[in-house]
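Please look through the chain below before reading on.

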Amino acid sequence: MTSQTTIDATGPGEEAPAAPSGATPGKGLRGHPWFTLITVAVGVMMVALDGTIVAIANPAIGDDLDASLSELQWITNAYFLALAVSLITAGKLGDRFGHRQTFLIGVAGFAASSAAIGLSDTISMVVVFRVFQGLFGALLMPAALGLLRATFPAEKLNMAIGIWGMVIGASTAGGPILGGVLVEHVNWQSVFFINVPVGVLAVALGAWILLDHRAENAPRSFDVLGIALLSAAMFCLVWALIKAPEWGWGDAKTWAFIVASLAGFGLFSFWETKVKEPLIPLGLFRSVPLSAGVVLMVLMAIAFMGGLFFVTFYLQNVHGMSPIDAGLHLLPLTGMMIVGSPLAGAMITKVGPRIPLAGGMALTALAMYGMSTLEQDTGSATMSLWFALLGLGLAPVMVGATEVIVGNAPLELSGVAGGLQQAAMQIGGSLGTAVLGAVMASKVDSDLEGNWKEAGLPPLTPEQADRAAEAVQVGAAPVAEGTPGAIAAKITDVAHDTFLSGMSLASLVAAGVAVVAVLVALLTKRGENAEAGAGVGHI
């Protein structure tokens, strides 16, 4: 299926095709592909940075607002829930009203919500405005991909997505470093206030440069019941993943939400076959490459987000690094993603996505295996090798899977496809953290008691053992105040050894997921509908 889109420049004597509904030919820089990329990158950078920069501010927020640990967890959970639940619906809004409008509203709303958080004087206000951040972030992320898809011709789209992925990778990895500097030298509010000038810049650039592209057969109505069913199903799934570490995977509440989620997805799928203009036409998934791209994005996020979750604890609690130092030690990963993403885009353009995607997941599997061998005394050079290899493996997957999903969807569904891509990554990351966290907890529970006895340490009561296990799961040593130095050193060694055995097993599981993803990658191919996107002449 192909659709016309705006063409704002023609050669001498050529006749410009008719502009689609809602679009007008661009003038000057309006609609210029590379300036469009710069504009959406500024907005996306703000959201990607916020995903990791806030974690550094949580302790300071807790001290200033007298918040409990569970309340601080809601700063992350509220944002993630709002973002994950609304991504696909937000993508549909872009398809219906135009991605330019939804992008600008998303950026402005995200910046305003950030300012409101910085002005908040209670933890409840922070959580409420984090929900708004998630909702507005969901508006702008799929819109950014929709704008790139509509603006760039097929032969340039992979390079554009590569640079887009580079910005996301650099912003995500740079968050802890920037956050540490701001919290240490300014205050926690500055972590949120920094989004305001970035948002103002993105809105100004967007109003000046972005061109509204709408496909001729873009949706004209809303599938309200479909939105409600999908949102409820997504909420139940994400909620189960968030609460599983607390409730336990065998708890009835966890499975009640999982069953409710499956029922919601089933009802949603049935309804989508009945409605005239469905939220997600199920025929979209008849495209094997698109479906494989969604699955691949989930598997990649499980391996990456889940595995990397423990590395931050390893660096800070086992090696005793500050958050800033830990962020600096992850720079090889960031650097390889920055360098590798545009190179991966160029490679995918030449040879197609299949080989780069399979190769990237193979490198990811090797990197996760390498991370399973990390010890207490592993040097920076060895760590950097595995981190760099992970970044090199992830770069083609971030670029290629995104192109496979968005490029294999019709232009009029590019927003929905962008929402699918982002939702797959968010759910995969949550699933990876939850599942690998369960693997870690199980290994710690099985090893800690034996390791404790072997070290000749005094036996623990059941309550003490539970508290010790919780500390060890994040690499911390459960040393009570006043403990003699020799005993404290033994406890620390036991805690770190037990944590590393759990991290090793979790990394091996992540490597296994990456191996499965190699097979899924073999089902992908170049986007069949990519050529339906742009004919803009400013390349």
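Glutamine 189 has its place in helix α6, which covers residues 189–193; helices (H or I, at least four residues) and strands (E, at least two) are DSSP runs, numbered from the N terminus. With a relative accessible area of 17%, glutamine 189 is buried, a word that means under 20% relative accessible area, where exposed means over 50% and partly exposed lies in between (1.4 Å probe, protein chains only). Not counting residues up to four places away in sequence, glutamine 189 touches Asp64 and Gly118; contact means heavy atoms within 4.5 Å.

This is a predicted model, in which local features need pLDDT of at least 70, side-chain atom pairs count only at pLDDT 80 or more, and totals for chains, interfaces and linings use all residues. Residues are numbered from 1 along each chain as its sequence is written, and side-chain values use heavy atoms, with hydrogens and water left out.

The chain as a whole has 17 helices and 0 strands. Of its 539 residues, 56% are buried. Among contacts between residues at least 6 apart in sequence, 85% join residues at least 24 apart.

Three other residues can be followed in turn. Glycine 137 is in helix α4 (residues 123–151) and is buried, with a relative accessible area of 0%. Its C-alpha atom is separated by 8.3 Å from that of glycine 109, 28 residues apart along the chain. Leaving aside neighbours within four places in sequence, glycine 137 is in contact with Val47, Leu83 and Phe110.

Threonine 402 belongs to helix α14 (residues 380–407). Is threonine 402 buried or exposed? Threonine 402 is buried, at a relative accessible area of 0%. Apart from neighbours within four places in sequence, threonine 402 has contacts that include Leu145, Ile161, Trp164 and Gln421. The C-alpha atoms of threonine 402 and leucine 296 are separated by 9.8 Å, although these residues are 106 residues apart along the chain.

Threonine 498 is found in helix α17 and counts as buried, at 0% relative accessibility. Leaving aside neighbours within four places in sequence, its contacts are with Val444, Asp447, Leu448, Asn451 and Val472. From threonine 498 to glutamate 449 is 9.7 Å, C-alpha to C-alpha, and 49 residues in sequence.

Helix α17 (residues 485–521) also meets helix α13 (residues 354–371): their axes come within 8 Å and cross at roughly 170°. Axes are lines fitted to C-alpha atoms, for helices over the stretch in contact, and angles run from 0 to 180 degrees between N-to-C directions. The crossing therefore makes α13 roughly antiparallel to α17, a label for angles over 145 degrees. The residues of this contact divide into 17 nonpolar, 2 polar and 1 charged; Ala, Val, Leu, Ile, Met, Phe, Trp, Tyr, Cys and Pro count as nonpolar, Asp, Glu, Lys and Arg as charged, and the others, Gly among them, as polar.

The last stop is the second largest pocket, with about 420 Å³ of space. On a 1 Å grid over the protein atoms alone, a pocket is an open set of points where a 1.4 Å probe fits, with protein on both sides within 12 Å along at least five of seven lines, and lining residues have an atom within 4 Å of a point. Of the 19 lining residues, the closest to the centre are Met234, Phe265, Val294, Leu420 and Ile427. Helix α15 gives the most to the lining, with 5 residues. The lining divides into 17 nonpolar, 2 polar and no charged residues.

Key. Points joined across faces, edges and corners; volume = space filled by probe spheres on them. Parallel < 35°, antiparallel > 145°, perpendicular 65-115°, else oblique.
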